[in-house]
Amino acid sequence: MIDPHTGKLPPFAFHLLGLMMLALGWELLARNFSGLVVAGPAETLTALLRLFKNKTFLTMHLGPTLERIGLALCFGIGSGALLGVLAGFVEPLRLMLAPARWILTSIPGVIIVVVFMLWFGMGTTMVVCITATMVAPIVYVNVADGMMAVDKSLLEMARVYRLPLHMRLARIYAMALAGPLLSGAVIATGNGIRLVVLAEMLGANEGIGHALAISRTNLQTDELYALTLLAMLVIGGVEVALLRPARNAVQRRRA
């Protein structure tokens with residue numbers, strides 16, 4: 001049974017409580033294991049600050065990673081959304097894309113990385129292509145399902161009243177697709193950033209993933225944890241700065 005008193009606390013308080021519990025568990029693990037295995041929160045934050053003060057890291061690793069994330073998400077989300085809309089309008093196209101969608105969503109990411117390394121070599125092109133290819137099906141599925149769920153009665157009403165195409169797209173399809181598109185974008189952003197880091201670790205000479213590989217080789221556990229925390233901060237930053245405001249704007253428009 002839910003305690004009625006918990007309902008008086010804002011959601012942020014529960015988020016903060018969960019974060020504090022995670023930090024406490026992390027600290028307990030660090031005290032019971034060697035520093036080579038688990039770096040404590042204090043050591044990790046110190047290493048993170050050290051990375052932010054290192055101009056070489058910022059220009060050689062953080063900058064290229066952010067650039068790749070931006071390019072990959074633009075291409076992946078854009079192509080997935082476009083194909084999803086087209087598949088919603090053209091049924092044969094949706095059926096033709098089904099096998100490709102199934103292959104891309106079922107094949108392990110590491111296999112895609114290895115194959116694309118053979119095709120594109122090492123570097124930014126390979127990382128962006130891998131991430132965009134793996135992100136696009138996530139958005140495509142959400143948008144295509146959203147197109148299938150558009151209210152048929154609204155479409156019939158628009159046809160009866162001869163509503164122009166641009167108004168149908170703006171008033172009916174855009175409002176119906178905003179939710180699924182943003183949900184897909186949130187999932188795609190998290191997966192995309194993980195893929196960028198993985199691809200950089202396996203096949204790039206710069207970026208956060210490459211820095212992670214160097215830290216692992218040199219047994220710099222505090223820096224390894226700091227880079228992991230940095231990747232999580234990037235994911236959170238994109239969601240808070242871009243996706244959450246967009247979701248709130250859609251909800252306000254619907255209200």
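**Close-ups of a predicted model**

**View 1. R68, an arginine in helix 3.** R68 sits in helix 3, which spans residues 55-89. This is a predicted model, and here R68 counts as buried because its relative accessible area is 2%, below the 20% cut-off. Look for the R68 side chain reaching the backbone oxygen of E206, at 3.0 Å. Leaving aside residues up to four places away in sequence, R68 touches G123, T124, V127, V128, V196, E200, A204, E206 and G207.

**View 2. Helix 4 packing with helix 6.** Here helix 4 (residues 91-106) meets helix 6 (residues 124-148) at an angle of about 140°, and their axes are 10 Å apart. That angle makes helix 4 oblique to helix 6. As for handedness, the crossing of the two is left-handed. Helix 4 brings R94, L97, R101, L104 and T105 to the contact, while helix 6 brings T133, M134, P137, Y140, V141 and M148. Sorted by type, the residues of this contact come out as 7 nonpolar, 2 polar and 2 charged.

**View 3. R162 in the loop between helix 7 and helix 8.** The loop holding R162 runs between helix 7 (152-160) and helix 8 (165-203). Check the backbone here: phi of R162 is near 55°, a positive value in a residue that isn't glycine. R162 is exposed, with a relative accessible area of 73%.

**View 4. L219 in the loop between helix 9 and helix 10.** L219 lies in the loop between helix 9 (208-217) and helix 10 (221-254). Phi of L219 is near 55°, positive although the residue is not glycine. With 55% relative accessibility, L219 counts as exposed, since the cut-off is over 50%.

Notes
Residues are numbered from 1 along each chain as its sequence is written. This is a predicted model: local features need pLDDT of at least 70, side-chain atom pairs count only at pLDDT 80 or more; totals for chains, interfaces and linings use all residues. Side-chain values use heavy atoms; hydrogens and water are left out. Helices (H or I, at least four residues) and strands (E, at least two) are DSSP runs, numbered from the N terminus. Buried means under 20% relative accessible area, exposed over 50%, partly exposed in between (1.4 Å probe, protein chains only). A polar contact is a pair of N or O atoms within 3.5 Å; within protein, one must be able to donate a hydrogen and the other to accept it, and residues adjacent in sequence count only if both atoms are side-chain atoms. Contact means heavy atoms within 4.5 Å. Axes are lines fitted to C-alpha atoms, for helices over the stretch in contact, and angles run from 0 to 180 degrees between N-to-C directions. Angles under 35 degrees count as roughly parallel, over 145 as roughly antiparallel, 65 to 115 as roughly perpendicular and the rest as oblique. A crossing is left-handed if the near helix is turned anticlockwise from the far one by less than a right angle, and right-handed if clockwise. Ala, Val, Leu, Ile, Met, Phe, Trp, Tyr, Cys and Pro count as nonpolar, Asp, Glu, Lys and Arg as charged, and the others, Gly among them, as polar.
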